[in-house]
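Subject: Structure for you to look at

Hello,

Here is the structure I said I would pass on.

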Amino acid sequence: MNKKNNSITLFLPSMFEDIPITIVRGIHNRQVLIDIQSKNVEVNRKGILQPVFVYTNGSYTRIMHDKILYVEADGSYCKIVYDGLKTLILSFPLSEACKILPENFIRVHRSFVVNLDYVTQVSGNRLYVKDTWINVGREYREETFAHFIFFHAKRHKNGY
């Protein structure tokens with residue numbers, strides 16, 4: 001066994017942030033106490049949001065994930081619609097955008113990725129995002145509608 005490459009990684013919820021952690025480890029029949037100090041560790045994975053910087057007009061502009069309404073494919077380009085219907089056109093395929101966007105973004109059509117936080121209406125096979133109706137593609141329909149809970153109102157005899 002190669003001892004150089006062995007390690008134990010523990011991921012604890014943030015609620016344990018202020019609790020000191022002590023590890024007791026036995027070495028040659030002696031116990032060693034190791035006190036772990038809290039360190040800020042930056043992890044690059046889908047669950048941790050990193051800022052999106054988009055190159056436009058000679059510089060990078062920061063766009064917050066929660067301000068992006070949807071992303072639309074246009075050939076090998078993407079149109080990012082954000083912050084009240086502002087748009088940016090990027091030379092970036094939609095399939096690559098899907099890989100880096102957080103979990104609340106889902107692909108609903110071969111040409112659209114939608115931020116679920118901005119869907120306000122569902123009608124048939126369409127989603128209403130801000131001021132735009134977006135069609136849900138046939139192959140994306142089941143997965144898309146699984147993100148919503150639907151209640152059906154019954155009409156009373158009085159009409160209300």
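Lys99 has a relative accessibility of 57%, so this residue counts as exposed. Please keep in mind that the model is predicted.

What does the side chain of Lys99 meet in a salt bridge? The partner is Glu96, with 3.1 Å from N to O. Glu96 is partly exposed, because its relative accessible area is 31%. Lys99 and Glu96 both belong to helix α1, which covers residues 94–100, and because they are 3 residues apart there, about one helical turn separates them. As a general point, side chains of opposite charge can pair when their charged atoms come close.

How many salt bridges does the count come to? The answer is 3.

- Lys79 and Glu72 form a salt bridge in which the closest N and O atoms are 3.4 Å apart. Lys79 counts as partly exposed because its relative accessibility is 26%. Glu72, at 22%, counts as partly exposed too; the cut-off for buried is under 20%.
- Lys86 and Asp83 bring their side chains together in a salt bridge, at 3.6 Å from N to O. Lys86 has 43% relative accessibility and so counts as partly exposed. For Asp83 the value is 36%, so Asp83 is also partly exposed.

Next, the surface. Which residues form a nonpolar patch there? They are Phe53, Tyr55 and Tyr60, and together they have about 390 Å² of accessible area. Tyr60 sits in strand β4, which runs over residues 59–63. Is Tyr60 buried or exposed? Tyr60 counts as exposed, because its relative accessibility is 57%.

Which residues is Tyr128 in contact with, once neighbours within four places in sequence are left aside? They are Tyr118, Val119, Thr120, Gln121 and Trp133. Tyr118 is 10 residues away from Tyr128 along the chain, and the C-alpha atoms of the two are separated by 8.2 Å. The side chain of Tyr128 also reaches a backbone atom, namely the oxygen of Lys130, at 3.3 Å.

Regards

Conventions: Residues numbered from 1 in each chain as written. Predicted model: local features only at pLDDT ≥ 70, side-chain atom pairs only at ≥ 80, totals over all residues. Heavy atoms only, no water. Contact = heavy atoms within 4.5 Å. Polar contact = N/O pair within 3.5 Å; in protein donor to acceptor, adjacent residues only side chain to side chain. Patch = residues over 30% accessible without salt bridge, like charges linked within 9 Å, V, L, I, M, F, W, Y side chains within 5 Å. Areas by Shrake-Rupley, 256 points an atom, 1.4 Å probe, with all protein chains shown as cover. Salt bridge = Lys/Arg side-chain N within 4 Å of Asp/Glu carboxyl O. Helix = DSSP H or I, 4+ residues; strand = E, 2+ residues; numbered from the N terminus. Buried < 20%, exposed > 50% of the residue type's maximum accessible area, 1.4 Å probe, protein only.
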